[in-house]
Amino acid sequence: MGAEPTQHLPEREARNDEILAYARDVSFGYGHDPVLRDVSLTVRAGEFVALVGPNGSGKSTLLKVLLGALPAPSGRVELLGRAPGDVRDRWRVGYVPQRPSLLSEMPATVEEIVAAGRLRQRGWWRGLTASDHAAVGHAIESVGLGELAGRPLNELSIGQQQRAFIARAFAGDPALLVLDEPIAGVDAESQRRFRDSLVHLIRQHGAGVLLVSHELAAVADVIDRVVVLKERVVFDGSPAELAARGVSLGVHREDLPLWLEDLR
Amino acid sequence: MIGALPFPYPFESGEAQRALVACLAVGVFAPMIGAFLVQKRLSLVGDGIAHVAFAGVGAGLLVGVWPVWSALAFAVIGAIGVELLRLKRKAAGDLALALFFYVGIAMGAVFASRAGDLELETLPYLFGDPYAVTWTGVVTVGALGLTVVAAMRIAGRALFAVVTDEDWSRVAGLPVGALSVALAALTAGVIVAGMRIVGILLIAAMMVLPVASAQLVSRSFRGTLRLAIAIGAGSSLVGLAIARPLGLAPGASIVFVAAALFAAVALAKRTAPRALQQEAH
């Protein structure tokens, strides 16, 4: 893990300011219970945004709204510059779900899982080309699973499995990577690999990252902005600004949600 | 049409050879679809669709249409119906399936009894009769099999993504609904093609049992698929070969071989020395 917890990424090459994900005054509720109230959020290319908040604060709902899985009844949502339902180049959005629905008895290798990440590049009905296979191999290497590429997923540890799902998102060479609690309960080695591969994606590929997590210690030194959600956005700024308000990401690795409770 | 090839007993006659070809086709094509159903945790959907196909058989007998056509229509519509219900409201999938099961079998029996002798007319469909398969039947099964192979070549990879992780596939922009409905329609096609051969009550077993055995020993999805096809074909060959000398119903005999193989593989895996299991790690 990086030694300097608050140091930012060095100058990035070719940073453009394309807005990848955009929400403005979005409200959402299940029945009469409001979950999101007038939430606004922007993720630009080359930006690492962490979305945090106590349990039940609407983080997952906001992700679903941004990705178009839930319709936003009020407010405006754009994904890659369009309404989420109208996005044609959806493969530019990489997604790591909170708890993948996989993991049955059926054996499927890391490679088979990750290869799914290339399906949308040229059309799902076409076979994978040599360059697709190269991208799959590269993605598997980048999460440190190179030696395990041919192993069935259900023989790997939780952390390794989660890395495989991250590699699946990487394989598509995404412009925007959305991760929902990807490192919950993951070992230190996997967390370090995870951080390194996100840094690689942002620096080398100019991608934007939106990460929902309770455990930000592993990535605290590379986050550009922290957005704290509690039905509404109660904070949106740099980790340094958050620290000035008494919440330091690097320190409160275990009880970050509790500390966030105090933030008004 | 075509004379019998010089095969040894019990495959010496033309009808026995047609039965062999038909059963091998079922053994190969049923697990190809079944692997995706098992991965999707819908092992029982085949049975549900088969029950709906039975309603189609009854309807065909009643109105005087070749029951295979009416069964195909019922099964395809039923399969797509179940899938749409499941896609819309996930929780209802199990109940929707049960409903199709019962209504299907009851409708089939009501129609067939109105048409005439229930037992005589429906038994060949319920338990299958590979020796009654004509060359037309063999060609039909072959054509359907080629359709399955072509569909898998085109959509197999995307289908694998959908059945392993539906939520992710939706976000990735894969046509989850269309692929799921296509899988349901193919399932219906295989069931109707196989119902005259191994029977409505047993065809779904050939979609699931070979896959269940294969996944115990394979270490990849592709490997599971290939092994399941080999096991399906092997079960068909052995089951049909022992059926005649032992005087068994051929369809039941094939399914029994597939089930026995599963039991043997599961037992061997449990009792195999740990060192052997860990060897590949």
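Over which ring does the charged end of Arg168(A) sit? Select Arg168(A) together with Trp168(B), and you will find the charged end of the arginine over the ring of Trp168(B), 4.1 Å from its centre; a charge sits over a ring if NZ of Lys or CZ of Arg is within 6 Å of the ring centre and within 35 degrees of the ring normal. This is a predicted model, in which local features need pLDDT of at least 70 and side-chain atom pairs count only at pLDDT 80 or more, while totals for chains, interfaces and linings use all residues. Residues are numbered from 1 along each chain as its sequence is written, chains are lettered from A and ligands numbered from 1 in the order in which they are written, and side-chain values use heavy atoms, with hydrogens and water left out.

Next, select Arg196(B) and Tyr125(B), where the charged end of Arg196(B) sits over the ring of Tyr125(B), 4.8 Å from its centre.

Now turn to the aromatic rings. The structure holds six aromatic pairs over all chains, a pair being two rings of Phe, Tyr or Trp (its six-membered ring) with centres within 6.5 Å, called stacked if the planes are under 30 degrees apart, edge-to-face if over 60 and tilted for the rest. Select Phe28(A) and Tyr30(A): their ring centres are 5.1 Å apart and their planes stand at 80°, so this pair is edge-to-face. Phe28(A) is buried at 9% relative accessibility, whereas Tyr30(A), at 44%, is partly exposed; buried means under 20% relative accessible area, exposed over 50% and partly exposed in between (1.4 Å probe, protein chains only).

Moving to chain B, select Phe160(B) and Phe221(B), whose ring centres lie 4.7 Å apart with planes at 40°, so the pair is tilted. Phe160(B) belongs to helix H6 (residues 135-164) of chain B and Phe221(B) to helix H10 (residues 221-246) of chain B, so the pair ties together parts that are 61 residues apart in sequence; helices (H or I, at least four residues) and strands (E, at least two) are DSSP runs, numbered from the N terminus.

Finish with the backbone. Asp25(A), in strand E1 (residues 19-30) of chain A, has a phi near 50°, a positive value in a residue other than glycine. Select Tyr9(B) and Pro10(B) last, where a cis peptide bond joins the two residues with omega about 5°.
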